[in-house]
Amino acid sequence: MTAVGIDAIEIWTGKLKLDLAETFAPEKGEDPEKYTKGLGLHASSFPDAHEDIVTMGANAAHRLMDRKGLTPDDIGRIDVATESAFDNSKPVSTYIAGCLEQVYDEDFHHANKGERKFACIAGTQSLDDAYNWIKAGRNRGRSALVVATDTALYARGDPGEATQGAGAVAMLISEDPNLVEMSAEQGYGSADETDFLKPNQQFPSVDGKRSMQVYLARMREALEDYESVAGASHPEDFAYVPFHTPFPGMVRKAAVLAYRHMIRGTPIEEELAEEIGFQPREEDFEDREEYEEAIRDYMDELSSTDDYREWYDATIEPTLSISREVGNWYTGSVHIARAAALKQAAEEGRDLAGRKLGVGSYGSGAQAEIHAETVQEGWKDEIEALNIDEQNAARYDLSFDEYENVHDRHNHDKTIEMEDFTVPDGEFVFTGTGRMNERLYDYVE
Ligand code: HMG
C-alpha cells in the first residue's frame, strides 16, 4: 500500500503582533496572567494593511513550492480551507492560483480548485480530500496543495478578542511523503451545535464557555469512534498529540480528558488509584450530573499527579509553542501544533522516524476528528526548513491605538486607509479592488 500524507509544510504569519500581557491587558484592566497563564497566550498575529487570507496563503504556498523546486505542473489540486472568505461564489484557491501564476511560467489550468468550510476543522478535511484523491488513483502522479488560511478576528470587546490571530499554513500532500503518513483509520464526533457561528457576518457569534464544553464532548466522541476502528489507545502510543489550539488553556482541558480516557482500565489507572482512587464509573451513579461532577473532581486530581504531568510535558506542551505567540489561526491551528512539536523534537535532536502522532482536529458547529500519523524518515529536513521563529521575531509590535486601526482596517464594514507598518519584500500584496469588486494582488520583488 502506498503511503500518503504530508510531504512538506510552510507557515506564514501575519506581520503584525499584539502583545497580550504588555499592550492588551492594561487597556482591558485585566491581570496579564489571565492571558499568559489562564489562556496560555502571549501574543496574537495580525495582517498588515497589504495582507489578507489570499496573500498569507499564497506566500506560504510560494515558499513551499520554491523550497521543494515544484512548478504548477506538479500540483493537481489546490484546496483552501478558510472561514474568513470574502466571496460566496469564487473560491480563495482561484485567487491563490492567480497569485502563483504571476511568479511561475506555467499555469494551474489543469488543477482542481475548491474551498472547504467547516469552521477550524476544514483544514484537516482538506487534507482528507487530498489523501482520498491520491488513494483513489486520480492524481496522475501529481500532489495536492492544501492551504489553511484565516484572519481570526472577533468583534471588539468580545471575550474572544484575546484569542485572535492571523496566518496561513501550506501543506503538500503526496505519495511517499517526507513528513508524516496519515492513517486510514479516523474517528468522528459530530453534532448540530450553535456554539460559534458566522451567519453571513464577519465576526463570530460566540457562546465562549459553551464552545469549550462542545469541543470536549465532540473530542471524546471522536476518540471513542477512532478506537472503534484502530483499537484502544494508550498514552505511550503517541510521541505527540497536537490538538486544535484556539488557545493553549483549551488544550490543557482536552489533554486531561484524553489521558483519563486512555488510562481507563489499564495498570496506570490502578497505580494511580492508590493516590487518587479509581475513575468514577457511570453505572455507580443514579444521577448523570453527580457522575459528571465526580469525573471533574477526578480529572482535577489526575492533572496534578506526576504520571500525568510527565506525559503532558513530553506529549502536549511542545505542541503549544507557536500558538502561544500567534493566537488562533482557525483552520491552520492544529497544523501549527503539529509543526511546533516536530520543531521541538528536531531542536532536541530526537529520532522520531516511525513514531506516531495522534492528531485531534476540531471545528465549531461542531465536529472533532482524530487520526494517527506516522513520522517519516525525511521529517527533520522538512521541519528544519521552517523559519516561523524568525518571522515571529520580525513582526511589528503594535501599540493599542495601532491595534484598533488594524482591526478597523480588516473590518469588512469599514473603509479605513492605513499605512503599512512593514515593507513588503519578495511577497504577494493586496493592491485594491477591481471593477467587479474582485480583490487584486501583485508580487513585490
Ligand atoms: P473569559 O471569560 O474572558 O476568560 O473568556 P475566563 O475568565 O474564563 O478566564 C480564562 C482562563 O484564565 C480561566 O481558566 C481562568 O481561571 C484563568 P480556567 O478556569 O478555564 O482553566 N484566569 C487566570 N489565570 C491566572 N491568573 C489570572 C487569571 N484570570 C483568569 N489572573 C473564553 C475565555 C475562552 C470563553 C473566550 O476567550 C472566548 O470566548 N474565546 C472564543 C471561543 C473559543 O476560543 N472557544 C474555544 C473552544 S471552540 C473552538 O476551539 C473553535 C474555534 O477555534 C472556532 C472554529 O472552530 O472555527 C473558536
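Which residue has a polar backbone atom 3.1 Å from an oxygen atom of the ligand? In this predicted model that residue is Pro159. Local features need pLDDT of at least 70 and side-chain atom pairs count only at pLDDT 80 or more, while totals for chains, interfaces and linings use all residues. Residues are numbered from 1 along each chain as its sequence is written, and side-chain values use heavy atoms, with hydrogens and water left out.

View 1. The side chain of Glu83 places an N or O atom 2.5 Å from an oxygen atom of the ligand. From Ser364, a backbone N or O atom lies 2.8 Å from a ligand oxygen atom. The ligand taken alone exposes 1100 Å², and 74% of that is buried by the protein (Shrake-Rupley method, 1.4 Å probe; for residues, only the protein chains shown count as cover).

**View 2. The shell around the ligand.** Helix H2 (32–39), helix H6 (208–230), helix H7 (248–263) and strand S12 (356–363) are the elements that give two or more residues to this shell. Helices (H or I, at least four residues) and strands (E, at least two) are DSSP runs, numbered from the N terminus. Around the ligand there are 29 residues, of which Lys34, Glu83, Cys120, Lys209 and Ser211 come nearest; a residue is near a molecule or strand if one of its heavy atoms lies within 4 Å of it. By class, the shell residues are 13 nonpolar, nine polar and seven charged. Ala, Val, Leu, Ile, Met, Phe, Trp, Tyr, Cys and Pro count as nonpolar, Asp, Glu, Lys and Arg as charged, and the others, Gly among them, as polar.

**View 3. Ala184 in strand S8.** Strand S8 covers residues 180–190 and includes Ala184. Ala184 is exposed, with a relative accessible area of 56% (buried means under 20%, exposed over 50%, partly exposed in between; 1.4 Å probe, protein chains only). Between Ala184 and Val326 the C-alpha to C-alpha distance is 31 Å, and the two are 142 residues apart in sequence.

View 4. The protein has 15 helices and 16 strands. Of its 445 residues, 58% are buried. The C-alpha trace spans about 70 × 55 × 40 Å along its principal axes.

How values were computed:
Polar contact = N/O pair within 3.5 Å; in protein donor to acceptor, adjacent residues only side chain to side chain.
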